[in-house]
Amino acid sequence: MSITAAMVKDLRERTGVGMMDCKKALTECDGDEEKAIAWLREKGLSKAAKKAGRATSEGLVTVVVAADGKSAAMSELKCETDFVSKNEEFIALAEVLANLALEKKTDDLEALPAEASDLTGLIGKIGENMQVGRLAYVSFTGDGAIGTYVHSTKKLGVLVELSGQVTPELAKDVAMQIAAANPLCVGPDQIPAETLAQEKEIYLNQAKEEGKPAQIAEKIVEGRIRKFYQEVCLREQLFIKDDKKTIKDLLGKNADIVRFFRFAIGA
């Protein structure tokens, strides 16, 4: 049976065991994940494999910014308890992951050295299941800025890339907006067509249930879609520090948002 990279990644996420060992286990067990976990336990990796599947609802979000301020990376490292998330070795590993993502200019875990995400030793030492979650990387050239935000608990972090004439204060405000308001996307054009169609259908049915005539119902749908945009589109959201302004107003004509990442542990 052909062992794919996705199969190896899934087993590694469940066990914390290194990529090569995961691939070997899957090869020996004809791709059967449960048998592969048992095989890993039998081969002396039992401490990590035995803890596979236990919920990792705690952890750390770590952000690092390049010295020139033109790039940044964010990592998500998960564990079972808040106590372990404060462990010095766990914190150090979270920082290593973020710094490697910055160095490699990537948000792809597979692009990092295999040993960087091999949690076997630390799982065995600390005694909890752990998983490397997501990575994010942003950068800009020319005019622009990167906004970052990490909550005091280190369980919520944001990276946002902005273009144009952007002050550090504006970049920080936009990052805080993303942390607080949790937008789905930057603008209405990024909302999936099926999501928008579903919303319109819901609003139309609501208007019909209220007994509104067809023409009035259409107007109601338009109004509710605008409100939906204000809830899920970053540019359209009301600014958390001044609800008389939208983020679009805050940016003005000379700045814009390129993309953003928001990691929340346990969410």
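## A hairpin to start with

Val61 has Glu76 of S2 as its bridge partner. That bridge belongs to the antiparallel pairing of S1 with S2, which runs over eight bridges; strands pair here if DSSP finds at least two bridges between them. S1 and S2 make a hairpin with five residues between them, and Gly69 in the turn has a positive phi of about 75°. Strands are DSSP runs of E with at least two residues, helices are runs of H or I with at least four, and both are numbered from the N terminus.

A word on the model itself: it is predicted, so local features need pLDDT of at least 70 and side-chain atom pairs count only at pLDDT 80 or more, while totals for chains, interfaces and linings use all residues. Residues are numbered from 1 along each chain as its sequence is written, and side-chain values use heavy atoms, with hydrogens and water left out.

## Two nonpolar cores

The largest nonpolar core holds 25 residues, and Leu77, Phe90, Leu97, Leu119 and Met130 have the most contacts inside it. Strands S1 (58-65), S2 (71-79) and S3 (131-139) each give two or more residues to this core, as do helices H5 (88-104) and H6 (120-126). H5 gives the most, with eight residues.

Apart from this core lies another, of 22 residues, with Leu156, Ala171, Ala175 and Ile178 among them. A core in this sense is a set of buried Ala, Val, Leu, Ile, Met, Phe, Trp, Tyr and Cys residues joined through side-chain atoms within 4.5 Å. Buried means under 20% relative accessible area, exposed means over 50%, and partly exposed is in between (1.4 Å probe, protein chains only).

## One side of H1

Helix H1 covers residues 5-15, and its buried residues include Met7, Val8, Leu11, Arg12 and Thr15. These five sit on the same side of H1 because they cover an arc of only 130° around the axis, taken from the directions from the helix axis to the C-beta atoms. The general rule is handy here: an α-helix has 3.6 residues a turn, so residues three or four places apart point the same way.

## An open three-strand sheet

Three strands form an open antiparallel sheet, in the order S4-S5-S8. S4 (144-150) and S8 (255-264) are at the edges with a single partner strand each, so one side of each has no neighbour in the sheet. On average, neighbouring strands are turned by 10° against each other, direction ignored, using lines fitted to C-alpha atoms as axes.

S5 (residues 156-164) pairs with S8 in the antiparallel sense over nine bridges, and Gly164 has Ala255 in S8 as its bridge partner. In the loop between S4 and S5 you'll find Lys154, which has a positive phi of about 60° although it is not a glycine. Lys154 is partly exposed, at 43% relative accessible area.

Pro188 is in the loop between H7 (168-181) and H8 (193-209), partly exposed at 26% relative accessibility. Beyond its neighbours within four places in sequence, Pro188 is in contact (heavy atoms within 4.5 Å) with Tyr229, Cys233 and Glu236. Pro188 and Cys233 are 45 residues apart in sequence, yet 6.1 Å apart C-alpha to C-alpha.

How values were computed:
Axes are lines fitted to C-alpha atoms, for helices over the stretch in contact, and angles run from 0 to 180 degrees between N-to-C directions.
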